[in-house]
Amino acid sequence: MSQDQFSAALEALLFAAGEEGMTLNDLASTLGIAVPAVRVQVEQWGSALAANPERGVYLAVFGERYKLLTKPAFANLIQNYMQDAGSRHLSQAAVEVLSIIAYQQPITRIEIDEIRGIHSAGALQTLLAHELISEAGRKDSPGRPILYETTQTFLDYFGLASLQDLPPLTHTQERAAPAADLFASFNAQLGSEEDTTDAEEEEKNNE
């Protein structure tokens with residue numbers, strides 16, 4: 001495997017691993033390369049990534065785990081995006097992830113990914129921005145992945161007194177994303193708030 005191929009494979013793996021990251025042993029086993037060789041190439045790639053002004057991410061090390069993070073120079077840009085995301089309607093992906101968390105909490109991102117069959121990091125960030133979910137500690141398993149659960153805001157938005165008020169799942173829904181009827185009301189709520197804001201702005205402009 002050439003250096004370019006290794007760099008591409010490494011970036012793909014760390015992107016897929018998300019907040020969990022990967023250890024050198026994980027990378028070596030997945031790539032089929034000896035740990036010492038992986039360590040050298042990872043360090044070289046990390047240095048090149050950090051020094052490249054055309055890249056928005058860098059390689060960070062937390063203990064024994066390697067993770068891809070956004071560069072501090074883009075912190076304000078990302079913060080603005082996340083604040084703006086809080087005023088948008090939920091995407092179908094976010095609705096699916098929220099429904100899975102609601103019915104199977106506490107649950108890790110990897111477990112959510114296994115249920116959906118697709119990466120869920122972006123949807124989780126959206127739900128965190130809406131404060132519909134929060135971190136619920138870490139699972140006692142390798143890597144100690146973050147657990148997610150719904151919040152009081154989630155209950156308030158859907159008019160639920162407790163999680164016991166969630167509609168029961170049918171047998172076919174138990175391992176799939178539950179029906180999204182309940183969660184459609186959240187989009188409707190956001191839409192009402194946005195319409196009100198737009199109306200207020202228009203009224204101000206007409207004064």
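**Entry 1. Terms and model**

I began with the terms: helices (H or I, at least four residues) and strands (E, at least two) are DSSP runs, numbered from the N terminus. I noted that this is a predicted model, in which local features need pLDDT of at least 70 and side-chain atom pairs count only at pLDDT 80 or more, while totals for chains, interfaces and linings use all residues. Residues are numbered from 1 along each chain as its sequence is written, and side-chain values use heavy atoms, with hydrogens and water left out.

I then looked up the confidence, pLDDT being the predictor's confidence in each residue, from 0 to 100. The mean pLDDT of the protein is 78, and 76% of its residues reach 70 or more. Over residues 172-181 the pLDDT is below 50, and this stretch has 16 contacts in the model beyond near neighbours in sequence; contact means heavy atoms within 4.5 Å. Residues 189-207 also stay under 50, with 11 contacts beyond four places in sequence.

**Entry 2. The sheet of E1, E2 and E3**

I asked in what order the three strands E1, E2 and E3 stand in their open sheet. The order is E1-E3-E2, and the pairing is antiparallel; two strands pair if DSSP finds at least two bridges between them. Strand E1 (22-23) and strand E2 (57-62) are the edges; each has a single partner strand, so one side of each is left without a neighbour in the sheet. I recorded six bridges between E2 and strand E3 (residues 65-70), in the antiparallel sense. Val57 has Thr70 of E3 as its bridge partner.

Helix H1 (residues 3-17) lies across E1, E2 and E3 and runs at about 85° to E3. For such angles, axes are lines fitted to C-alpha atoms, for helices over the stretch in contact, and angles run from 0 to 180 degrees between N-to-C directions.

I next compared two residues by accessibility, where buried means under 20% relative accessible area, exposed over 50%, and partly exposed in between (1.4 Å probe, protein chains only). Leu14 is placed in helix H1 and, at 1% relative accessibility, counts as buried. Which residues does Leu14 touch, not counting residues up to four places away in sequence? I found Met22, Trp45, Leu59, Tyr66 and Leu68.

Glu64 lies in the loop between E2 and E3 and counts as exposed, at 65% relative accessibility. Residues up to four places away in sequence aside, Glu64 touches Met22, Thr23 and Leu24. Its C-alpha atom is separated by 9.7 Å from that of Gly143, 79 residues apart along the chain.

**Entry 3. Rings**

I looked for a charge over a ring, which requires NZ of Lys or CZ of Arg within 6 Å of the ring centre and within 35 degrees of the ring normal. The charged end of Lys67 sits over the ring of Phe62, 4.9 Å from its centre.

**Entry 4. The sheet of E4, E5 and E6**

I turned to another open sheet of three strands, whose order is E4-E6-E5 with antiparallel pairing. Its edge strands are strand E4 (107-108) and strand E5 (133-138), each pairing on one side only. Two bridges join E4 to strand E6 (residues 146-150); Ile107 stands opposite Tyr148, and Thr108 has Leu147 as its bridge partner. E5 and E6 pair over four bridges, with Arg138 opposite Ile146.

Why is E6 largely enclosed by the rest of the structure? Four of the five residues of E6 are buried, so the strand is largely enclosed. Helix H5 (residues 92-104) lies across E4, E5 and E6, at about 90° to E6.

**Entry 5. Backbone details**

I noted for reference that most residues other than glycine have a negative phi, and most peptide bonds are trans. The peptide bond from Gln105 to Pro106 is cis, with omega near -10°, and Pro106 is placed in the loop between H5 and E4.

Glu131, not a glycine, has a positive phi of about 65°. I located Glu131 in the loop between helix H7 (121-130) and E5, where Glu131 is exposed, with a relative accessible area of 51%. Arg144, in the loop between E5 and E6, has a positive phi near 45° and is partly exposed at 42%.
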